[in-house]
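Have the sequence and the 3D view open as you read.

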Amino acid sequence: MRYFIAFFLGCIAITTQAQNIRYSYVARPDSVLNILVSQRQGLYKQWAQNQQERNAFFGGQSKKDLRNIITTLEQILNKDNEILTELNRMKQAEVTELRRKNSDVSKRVNSYLDESGALMEENKQLRSQAERNRKRVEALENQSNYPFQITICLLIASWVLFFFLRRKKSTAEPQRNSDLR
């Protein structure tokens, strides 16, 4: 039972959505254009019937038959003019709608371009800030190496001094030993 109800509601939803779709120059069944076209078809059938009538004395068309044909043709022409007027109205409505949509799209594009420009500017700022931070880190790394470098230099200097003094002492001791003898 649930599946039936779900299927039924789905069909109703699809039908409702399908009715809302508007195709260009395709009218709904209850539109003015369809009514005018069906009226023109009726007039065309009437004209075809008038063409078939032969009410003259010798089996030809009488003046009345010809007047009916002309009247029907005039009505067909008038109906054609009404159809063209309706088509022009529909075209104008569609052009107006397209212009409105174009305007909306243009506004959105401009909005996106503004946002994009702001994001690009923010991106530049973030890149420059990242570069400054990278340079600061390098400077701090170099500064943190200074005490290590100074310590190494002092250690080397103390070893050199130690070996120099020891050598001097070792060269001075043999002279002292020879002086003492």
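Predicted model: local features only at pLDDT ≥ 70, side-chain atom pairs only at ≥ 80, totals over all residues.

**Salt bridges**

The structure has seven salt bridges in total.

| Pair | Closest N and O atoms |
|---|---|
| Arg40 and Asp80 | 2.3 Å |
| Glu86 and Arg89 | 2.5 Å |
| Asp104 and Arg100 | 2.9 Å |

Let's take the Arg40 and Asp80 pair, with its closest N and O atoms 2.3 Å apart. Arg40 sits in helix 2 (residues 32–52) and Asp80 in helix 3, so this contact ties together parts that are 40 residues apart in sequence. As for solvent, Arg40 counts as partly exposed, at 27% relative accessibility. Asp80 is also partly exposed, with a value of 23%.

Next comes a pair within one helix. Glu86 and Arg89 are three residues apart in helix 3, so about one helical turn separates them. How do the two ends compare in burial? Glu86 is buried, because its relative accessible area is 10% and the buried class covers anything under 20%. Arg89, on the other hand, is partly exposed at 47%.

Further along helix 3, Asp104 and Arg100 are four residues apart, again about one turn of the helix. Both ends are partly exposed: Asp104 has a relative accessible area of 31%, and Arg100 comes in at 41%. This pair doesn't stand alone, either. Salt bridges with shared partners join Glu97, Arg100 and Asp104 into one network.

**A nonpolar patch**

Which residues make the nonpolar surface patch? Phe148, Ile152, Ile156 and Val160 do, and together they make a patch of about 380 Å². Phe148 belongs to helix 3, which spans residues 63–180. With 56% relative accessibility, Phe148 counts as exposed, because that class starts at values over 50%.

Notes. Residues numbered from 1 in each chain as written. Heavy atoms only, no water. Patch = residues over 30% accessible without salt bridge, like charges linked within 9 Å, V, L, I, M, F, W, Y side chains within 5 Å. Areas by Shrake-Rupley, 256 points an atom, 1.4 Å probe, with all protein chains shown as cover. Salt bridge = Lys/Arg side-chain N within 4 Å of Asp/Glu carboxyl O. Helix = DSSP H or I, 4+ residues; strand = E, 2+ residues; numbered from the N terminus. Buried < 20%, exposed > 50% of the residue type's maximum accessible area, 1.4 Å probe, protein only.
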